[in-house]
Protein chains: 2
Amino acid sequence: MKSAIAFAPASVANFAVGFDLLGFALEGMGDTVRVTRIEEKTVRVRSIEIGEGLDRESFVELPKEPEKNTAAMGLLEFIREQKLEYGFEIEIKKGIPLGSGLGGSAASAAAALLAANAVLDRSLEKSALIKYAITGEAVASGARHGDNVIPSLLGGVLIVASEENTYARVALKGDWHVAVLYPGFRLDTRRAREVLPKTITLKAHTRAQTRLAMVLAGLAENDPEKVRQFLVDEIIEPARASLIPDFYEIKRAALDAGAIGGSISGAGPTVFALTQGRVQAERVLKSMGDAASTRYPKHLRMVSSISAEGARVLK
Amino acid sequence: MKSAIAFAPASVANFAVGFDLLGFALEGMGDTVRVTRIEEKTVRVRSIEIGEGLDRESFVELPKEPEKNTAAMGLLEFIREQKLEYGFEIEIKKGIPLGSGLGGSAASAAAALLAANAVLDRSLEKSALIKYAITGEAVASGARHGDNVIPSLLGGVLIVASEENTYARVALKGDWHVAVLYPGFRLDTRRAREVLPKTITLKAHTRAQTRLAMVLAGLAENDPEKVRQFLVDEIIEPARASLIPDFYEIKRAALDAGAIGGSISGAGPTVFALTQGRVQAERVLKSMGDAASTRYPKHLRMVSSISAEGARVLK
């Protein structure tokens, strides 16, 4: 009986200047999926295990039906398109809080695909899995958004063109780290989309374009001051901040402690702050934690580098 | 009597995916300005000469009053901020058609500043001239837009953050060339702004952001197919195309002849097409010319590489 286990990391989508198109993977936190080949040409979700330290109740509604489960959905498409003569049984171990804005469903999808790929008679390139990963994610969010799942799969900071099933890697120099604080409550992705403006002014669009381009250049040039000046979001962040009480206090604490910039991770409520080096990230994280501790005594927090590798097969 | 002459090239702003923020300089076509130190702390426009092959009548309204002339305006600011004890007399030789969308006023401003800088007792770095250049341009367009003048001054493909008086250089690999066709009629910049939408949908914004990021990545990676796929503008181009009869026919001719992409140069009516290599650019230009010849028998056209140097002191 062929089986493989893969791990895929949590990820930070949007990255302040790239709503629905930029994302990067974290190290340490992630989902693990075991995939076993079965005779029927279908996908069975055998088990969903909740990792230590995560709130079990929040996962109760995680669906096992393949056509509602992110991890399974990508595999169904994979079986169909690759014309496989068999199916997969999957066992998911969640390490990412549900509805945290850290790409939990994306990580499950990425890990499931990578593990399934490992049990094929002839494995595909990692990049060939992209379209199945985005299809899986579409189940979770109701639209094609690959800005979590592609970074989780491939690592690095990525520009993701979800409609076109393609991506580009952002040239990254320097020792970038991230401080991440999850307040501990679940924010529904659909709700986080509802609060967004349907239209924006052309001026706001141009300012946002300028910031995106300058941040990409700043990352490529390893120019932290350029990134600091332009890592600003005046479109998405103001709309979603109202859903995250004390968001501005936590962000302010990060900037006061020396963070290059920070914003909401994905749809939230997780707050991320960008730093150079682990030492600065630790200091920034402590400051964020202090600012969050009164309202969010049960928050989770971590420091991470930007994962260069993304998802990996464990065995 | 101290004097210097500088040349600054024409430029293509917007570049399809970077409205009001991206631009690059051309080779060959440009404005030349002689600057002479005078005792009075002011700027005098001594003469404006119209280069060969340009329509003299279209330049009649080019103002000599310093506070209305782009080239003079930047110098006035330069004198004030640098606390100079003298002024400048300038002689402008126009090589760029007025209202063509090729950054004519920007080139005059860039050349004037560079020449003035050359007659200082102690010249500044080229990059120190940026804010004066943008101030000069503001006279012409009514707002701070440096996406012509900064590329004209510094060369290369630049991301220009006009409000912040700063820029970043787009990493550029490969032998990029441009085919440029000026239909021969003047399009007023203010009119070209009036037709733009005041607001756009968030979806259109996100698609535009994705295209901008992917094109920047494609240029840096020298991946023409990526640039081809994403060098598309669905916001500005459709609004301005109505001001340029046969625009779509000319663009179609460029693409059919193998251009990587193309759009309106700056505010128009000039049409540019991007190619790899001069041979392809020549073929594309011929195709564009054929498409334009019936409606625009007096059009001007040229092939150019992207100027790496920008403005230069001639003597």
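**Figure 1. Crossing of H6(A) and H6(B) in the predicted model.** The crossing of H6(A) and H6(B) is right-handed in this predicted model. Helix H6 spans residues 202-221 in chain B, and its axis comes within 10 Å of the axis of H6(A). The two axes cross at roughly 30°. Because angles under 35 degrees count as roughly parallel, H6(A) and H6(B) are roughly parallel to each other. On the chain A side, the residues that meet H6(B) are His205(A), Ala208(A), Gln209(A), Leu212(A), Ala213(A) and Leu216(A). Their partners in H6(B) are His205(B), Ala208(B), Gln209(B), Leu212(B), Ala213(B) and Leu216(B). By residue type, this helix contact holds eight nonpolar and four polar residues, and no charged ones.

**Figure 2. The contact between chain A and chain B.** Each chain brings 29 residues to the contact: 29 from chain A and 29 from chain B. On the side of chain A that touches chain B, two or more residues come from each of strand S5 (157-161), strand S8 (199-201), helix H6 (202-221) and helix H7 (224-230). H6(A) gives the most to this side, with twelve residues. The side of chain A that touches chain B divides into 17 nonpolar, eight polar and four charged residues.

**Figure 3. The relation between the two copies.** The same surface serves both copies, as 100% of the contact residues of chain A recur in chain B.

**Figure 4. Domain 1 and domain 2 of chain A.** The domain assignment of chain A gives domain 1 as 3-170 and domain 2 as 176-305. Taken over C-alpha atoms, the centres of the two domains of chain A are 24 Å apart. Domain 1 of chain A puts 24 residues into the contact, and domain 2 of chain A puts in 33 residues. Strand S1 (3-13) and strand S2 (22-38) of chain A each supply at least two residues of the side of domain 1 that touches domain 2. The largest share of that side, four residues, comes from S2(A). Twelve nonpolar, eleven polar and one charged residue make up the side of domain 1 of chain A that touches domain 2 of chain A.

**Figure 5. Packing of H1(A) against H2(A).** Helix H1 (residues 70-81) and helix H2 (residues 104-118) of chain A have axes that come within 7 Å and cross at roughly 40°. H1(A) and H2(A) are therefore oblique to each other. The crossing in which H1(A) passes H2(A) is right-handed. From H1(A), the contact is made by Thr70(A), Ala71(A), Gly74(A), Leu75(A) and Phe78(A). From H2(A), Ser105(A), Ser108(A), Ala109(A), Ala112(A), Leu113(A) and Ala116(A) take part. The contact of H1(A) with H2(A) counts seven nonpolar and four polar residues, with no charged residue.

**Figure 6. Packing of H9(B) against H10(B).** In chain B, the axes of helix H9 (residues 247-256) and helix H10 (residues 278-292) come within 8 Å and cross at roughly 150°. This angle makes H9(B) roughly antiparallel to H10(B), because angles over 145 degrees count as roughly antiparallel. H9(B) passes H10(B) in a right-handed crossing. Glu249(B), Ile250(B), Ala253(B), Ala254(B) and Asp256(B) are the residues of H9(B) in this contact. In H10(B) they meet Val284(B), Ser287(B), Met288(B), Asp290(B), Ala291(B) and Ala292(B). The residues of the contact of H9(B) with H10(B) divide into seven nonpolar, one polar and three charged.

**Figure 7. Cis peptide bonds at Pro269(A) and Pro269(B).** Gly268(A) and Pro269(A) are joined by a cis peptide bond with omega of about 10°. Pro269(A) lies in the loop between strand S9 (261-264) and strand S10 (271-276) of chain A. In chain B, a cis peptide bond joins Gly268(B) and Pro269(B), with omega of about 5°. Pro269(B) sits in the loop between strand S9 (261-264) and strand S10 (271-276) of chain B.

**Figure 8. The backbone at Phe15(A).** Phe15(A) is not a glycine, yet it has a positive phi of about 55°. Phe15(A) is placed in the loop between S1 and S2 of chain A. Both of these strands, S1 (3-13) and S2 (22-38), supply residues to the side of domain 1 of chain A that touches domain 2 of chain A.

Methods
Residues are numbered from 1 along each chain as its sequence is written. Chains are lettered from A and ligands numbered from 1 in the order in which they are written. This is a predicted model: local features need pLDDT of at least 70, side-chain atom pairs count only at pLDDT 80 or more; totals for chains, interfaces and linings use all residues. Domain bounds come from an automatic or database domain assignment. Two residues are in contact if their C-beta atoms, placed from the backbone, lie within 7 Å. Ala, Val, Leu, Ile, Met, Phe, Trp, Tyr, Cys and Pro count as nonpolar, Asp, Glu, Lys and Arg as charged, and the others, Gly among them, as polar. Axes are lines fitted to C-alpha atoms, for helices over the stretch in contact, and angles run from 0 to 180 degrees between N-to-C directions. Angles under 35 degrees count as roughly parallel, over 145 as roughly antiparallel, 65 to 115 as roughly perpendicular and the rest as oblique. A crossing is left-handed if the near helix is turned anticlockwise from the far one by less than a right angle, and right-handed if clockwise.
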